[in-house]
Amino acid sequence: MTGRYPNTRMRRTRASGWSRALHRENQLAPTDLIWPLFVTEGSGVEEPIGTLPGVSRWSVDGIAARAKEAAKLGIPVVALFPNTPAEKRSDDGAEAHNPDNLMCRAIRAIKDACGDDVGVLTDVALDPYTSHGQDGLLDESGYVTNDDTVAVLVDQAINQAEAGADIIAPSDMMDGRIHAIRMALEMGNHPNVQIMSYAAKYASAFYGPFRDAVGSGGLLKGDKKSYQMDPANSDEALREVELDIAEGADSVMVKPGLAYLDIIYRVKQAFGVPVFAYQVSGEYAMIEAAEAAGIGDRDALLMEKLIAFKRAGCSGVLTYHAPIAARLLNG
Ligand SMILES: NCc1[nH]cc(CCC(=O)O)c1CC(=O)O
Ligand SMILES: [Mg+2]
């Protein structure tokens, strides 16, 4: 037997800061972060979101300013989510493929302001555009149809690519949409537009504040369990990821984050592809609530959670704490 006390003292390498730094197995940098931004109509508008303290919706001009801030902080990518005005929401979510919708105007404003200094990731799903708050089209019975929805998602994705999106991120969980979108991007002369698939997205109670932020929460009837995954399942996530990689995804997302570290770990071990975590709105809100209640130190809590994603195997993390974390990391 080697390595027994006192030959081995595990505390020896922890005894000083320089030594802890030397032995640190995982690092976090601003380049690991994706910053989600909510877009709203108007100009010069900043609307704080009650359930996401510290996060606002910005009009397109403000979005471009946030993207410049991201570049300055060293954050490589921003993710866009629109709060579509009520009068533009419809049963079929047609506003999703309007070339002049809020999303497309925000993409163009960022690309005009930042060029290639910042990547733009765009969400593909119908929930910010439908009057019923579901991610797809409903049949007579209220079931979210798969193939008809996929056809619309393809139009939505191409619309975003035409406006200049760098990464298409389908968050809808329909079957077969990655293949359909990949083919359409190839045929539409967008071979280098990436797809980051929300491959393993769970029907989660942690999405509440997001639904407020995009204005779909009050509209949603029922739940999303016929397309988002059951939190009890893990093998099923590997099948989802395997399919999306085969269909042409460049990277995959696991969502939510902290409660699904085991899924991240399994996906990374099984496939070795770039894996990202979405630290969702409820996770953000819980950290802020802990700080506000005097239960924990916000900065310490968020940095500990972010390094956990790296340890589990993530290439990066989509988090509402991105600008705060980047500032902390930049010292
Ligand atoms: N396309 C839906 C979508 N895209 C991102 C989120 C949630 C993100 C968050 O909570 O931060 C959701 C919520 C949902 O499935 O209802
Ligand atoms: Mg799938």
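## Two helices crossing

Helix α9 passes helix α10 in a right-handed crossing, meaning that the near helix is turned clockwise from the far one by less than a right angle. This is a predicted model, in which local features need pLDDT of at least 70 and side-chain atom pairs count only at pLDDT 80 or more, while totals for chains, interfaces and linings use all residues. Residues are numbered from 1 along each chain as its sequence is written.

The axes of α9 (residues 281–292) and α10 (residues 298–312) come within 9 Å and cross at roughly 150°. That makes α9 roughly antiparallel to α10 (angles over 145 degrees count as such).

## Who touches whom

On the α9 side, the contact (heavy atoms within 4.5 Å) is made by E283, I287, E288, A290 and E291. Facing them from α10 are R298, L301, L302, K305 and F309. Sort these residues by type and you get five nonpolar, no polar and five charged.

## An aromatic pair

Now for the rings. A pair of aromatic rings is described by the distance of the centres and the angle of the planes. The whole structure holds nine aromatic pairs (ring centres within 6.5 Å).

Take F81 and Y278: their ring centres are 6.4 Å apart and their planes sit at 50°, so this pair is tilted (planes under 30 degrees apart count as stacked, over 60 as edge-to-face and the rest as tilted). F81 belongs to strand β4 (residues 77–82) and Y278 to strand β9 (residues 275–279), so the pair ties together parts that are 197 residues apart in sequence.

## How confident is the model?

Mean pLDDT (the predictor's confidence in each residue, from 0 to 100) is 97 for the protein, and 99% of its residues reach 70 or more. The model's scores are ipTM 0.97 and pTM 0.97.

Technical notes:
Chains are lettered from A and ligands numbered from 1 in the order in which they are written. Side-chain values use heavy atoms; hydrogens and water are left out. Axes are lines fitted to C-alpha atoms, for helices over the stretch in contact, and angles run from 0 to 180 degrees between N-to-C directions. Helices (H or I, at least four residues) and strands (E, at least two) are DSSP runs, numbered from the N terminus. Angles under 35 degrees count as roughly parallel, over 145 as roughly antiparallel, 65 to 115 as roughly perpendicular and the rest as oblique. Ala, Val, Leu, Ile, Met, Phe, Trp, Tyr, Cys and Pro count as nonpolar, Asp, Glu, Lys and Arg as charged, and the others, Gly among them, as polar. Rings of Phe, Tyr and Trp (its six-membered ring) pair if their centres lie within 6.5 Å; planes under 30 degrees apart count as stacked, over 60 as edge-to-face and the rest as tilted.
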